[in-house]
Amino acid sequence: MERIYLDHAATTPLSKTALSAMLPYFTELFGNASSQHNFGREAEKAVNASRQTIAECIGAKESEIYFTSCGSESDNWAVKGTALELKEKGRHIITSSVEHPAVYESCKELEKLGFEITYLPVDKEGFVSPEDLENAIREDTILISVMFANNEIGTIEPVKELCDIAHSHGILFHTDAVQATGAVLYNVKELGVDMLSMSAHKFYGPKGVGVFYKRDGLKIGRFLNGGEQERAQRAGTTNTPGIVGTAAALKEAIDNIEKDSAYISSLRDYFVNKVMSGLSDVIYNGPENGNDRLPNNASFSFKGIEGESLLFSLDLAGIAASSGSACSSGSVDPSRTLMAIGLNAGTANGSVRFTFGKNNTKEEADTAADELIKTVNRLRSM
Ligand SMILES: *Cc1c(COP(=O)(O)O)cnc(C)c1O
């Protein structure tokens, strides 16, 4: 059976360029990047070059790039690191109601420690309103964290506008750019953000490597204690192969971003049109305007369908999709994001997300749409 992977928001396959860049650093060039001898210096040189490449890809300085173990760690560092650093200044944080669990649960954890969190609502397309942000700001607000692009419905938030509001009140701004990186071109200096999170495995890099952008001069403390790695900001022996693969994957993604995004969104649009014209009682979740949505994302709610059953049937037919964020599938709670855009629990539970990638073909989009229509009709007739 031909298998079709339409879950690129959960993870992407490793790019061949990234793989070949990584391989020598598992074997001959295995040195610890902190060692003083030649083995160490070889590794350190590769890490520095990777840092430079990543900085160039997002308009940052080399000194502003820190490597972590995943996107989740970068998000935890931003939220908890800021809280720890600024707790005497204030204990109020503003975020959105549609954040990834890495930000959301970090905020929940801080609530237990006495911090107050405002979870901004979103409209039916998933947008945070700048007015709502303005109104939520207090004397004791120390951080605003709003994601760049949503992993479930693809909404691209007005990050620059939100960041400008934060700064007009002297408040730090973080964005979770895990889904946006490699899909949307941005420059951290133009955005103005103080902190930004990325994850390599979402842009055809290896799993287990995160990047944390922290602008120079920003004083938020080290998050992982131990050795002096990452300029004494993040302990732990450097993941040289992972870092080398991350830089290679990001450079490849950025070099091809226009071509790839146009191709991926054309597959997505073809698929969406086919599904919407082939089925009744379907809601296409997320922004109407394609420019405000990630190129890869198609999220639907099918009336009278259990999303989990649909996923199961699709999987049997060789099609991999998701009922929302991978972290929440398996649990019965309806998606927080889908509830936040105003769906009721039943409709939210009848939702499935398809996310396309650069290796998908038009034939796959065609087959997947046919199979989806067939399966929804079958489940509805049962
Ligand atoms: C995948 C994802 C993360 C977590 O990244 P990991 O590297 O898997 O920990 C965080 N935020 C968003 C928006 C994501 O899609």
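**Salt bridges and their surroundings**

Modeller: K374 is exposed, at 54% relative accessible area; exposed means over 50%, buried under 20% and partly exposed in between, with a 1.4 Å probe and protein chains only. The model is predicted, so local features need pLDDT of at least 70 and side-chain atom pairs pLDDT 80 or more, while totals for chains, interfaces and linings use all residues. Residues are numbered from 1 along each chain as its sequence is written, and side-chain values rest on heavy atoms, without hydrogens and water.

The partner of K374 in a salt bridge is E371, with the closest N and O atoms 3.4 Å apart; the term requires a side-chain nitrogen of Lys or Arg within 4 Å of a carboxyl oxygen of Asp or Glu. E371 is buried, at 18% relative accessibility.

In total, the structure holds 20 salt bridges. One of them pairs K189 with E64, at 2.7 Å between the closest N and O atoms. This pair links distant parts of the chain, 125 residues apart: K189 belongs to helix α7 (residues 188–191), E64 to the loop between α2 (38–58) and β2 (65–68). K189 is partly exposed at 41%, whereas E64 is buried at 1%.

E85 and K219 meet in another salt bridge, at 2.5 Å from N to O. E85 lies in helix α3 (residues 71–86) and K219 in the loop between β8 (210–214) and α8 (229–232), so parts 134 residues apart in sequence are tied together. E85 is partly exposed at 29%, and K219 is exposed at 62%.

How values were computed. Helix = DSSP H or I, 4+ residues; strand = E, 2+ residues; numbered from the N terminus.
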